[in-house]
Amino acid sequence: MKTFTLATSLVLLAAGAADALTVRGSVAGGNLPPDLRVAGVVVTPFGQVVQEVSSVPVEKGQFSLELPATAPTARAQVTLTPQNVNWPGVIDPVQVSGQAQVAELKLFTYRDQNNNGRRDENEPLREVMADVRGANLFVVWVNTDVNVTASKGFQAGLKRGWNAFLVDVGRAVNVQPFADTTVVTVRLGR
């Protein structure tokens with residue numbers, strides 16, 4: 001099985017807490033199929049795909065994916081509890097500061113084989129991991145401000161709307177919000 005790396009520079013811009021989040025990137029490495037799309041997909045706390053929030057074509061090795069300021073559908077949201085926080089770097093005990101609805105988003109690629117601009121059931125998704133020097137990209141939507149803390153120093157102050165963080169897991173867990181200059185690398189195995 002041939003493996004290739006998709007080295008992608010993403011610049012994540014997050015204006016106000018309730019504003020849309022835009023992910024811009026350039027894709028390098030290997031021969032990219034002309035029908036390749038990048039998608040932001042809401043998943044359950046156990047990683048099952050629920051809702052594609054946004055997707056865009058990769059054109060000339062580049063893309064710009066905007067997550068809308070509107071909330072994910074009600075079926076894509078779950079009640080945030082310490083028991084369903086399966087995020088990068090989270091180790092029990094977990095504490096949540098209040099009641100909130102949450103939707104975790106992951107990045108995927110797929111081939112839009114019929115070129116209809118959306119994913120169809122016969123078009124498989126491939127999850128892509130994004131990181132910066134070993135720190136993982138984490139994106140989540142919440143309906144209200146809430147704080148999540150866990151062992152090893154995990155602390156995430158979530159603001160209403162889309163939130164993007166880099167989570168670095170080592171002896172301690174370091175959670176940093178994105179700046180508009182953040183560069184993320186995405187790798188895709190084949």
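Predicted model: local features only at pLDDT ≥ 70, side-chain atom pairs only at ≥ 80, totals over all residues.
**Cores.** I looked up the largest nonpolar core, which has 28 residues. The members that touch the most others are V42, F63, L65, L67, L105, V139 and W162. Strands 2, 3, 4, 5, 8, 10, 11 and 14 each supply at least two residues. Strand 11 gives the largest share, 4 residues. I also found a second, separate core of 20 residues, with V94, F138, V140 and V142 among its members. In soluble globular proteins, nonpolar side chains tend to be buried together.

**S54.** Next I looked for its neighbours. Leaving out residues up to four places away in sequence, S54 touches V38, A39, G40, L65, E66 and L67. A polar atom of the S54 side chain lies 2.9 Å from the backbone oxygen of E66.

**Strand 12.** I went through residues 146-149 by face. V146 and V148 are on the covered face, N147 and T149 on the uncovered one. With strand 7 (residues 95-96) the pairing is antiparallel over 2 bridges, and V148 stands opposite V96. With strand 13 (residues 155-158) the pairing is also antiparallel, over 4 bridges, and N147 has G157 as its bridge partner. Strands 12 and 13 form a hairpin with 5 residues between them. In the turn I noted K152, which has a positive phi of about 60°.

Key:
Residues numbered from 1 in each chain as written. Heavy atoms only, no water. Core = buried A, V, L, I, M, F, W, Y, C linked by side-chain atoms within 4.5 Å. Buried < 20%, exposed > 50% of the residue type's maximum accessible area, 1.4 Å probe, protein only. Polar contact = N/O pair within 3.5 Å; in protein donor to acceptor, adjacent residues only side chain to side chain. Contact = heavy atoms within 4.5 Å. Pairing = 2+ DSSP bridges.
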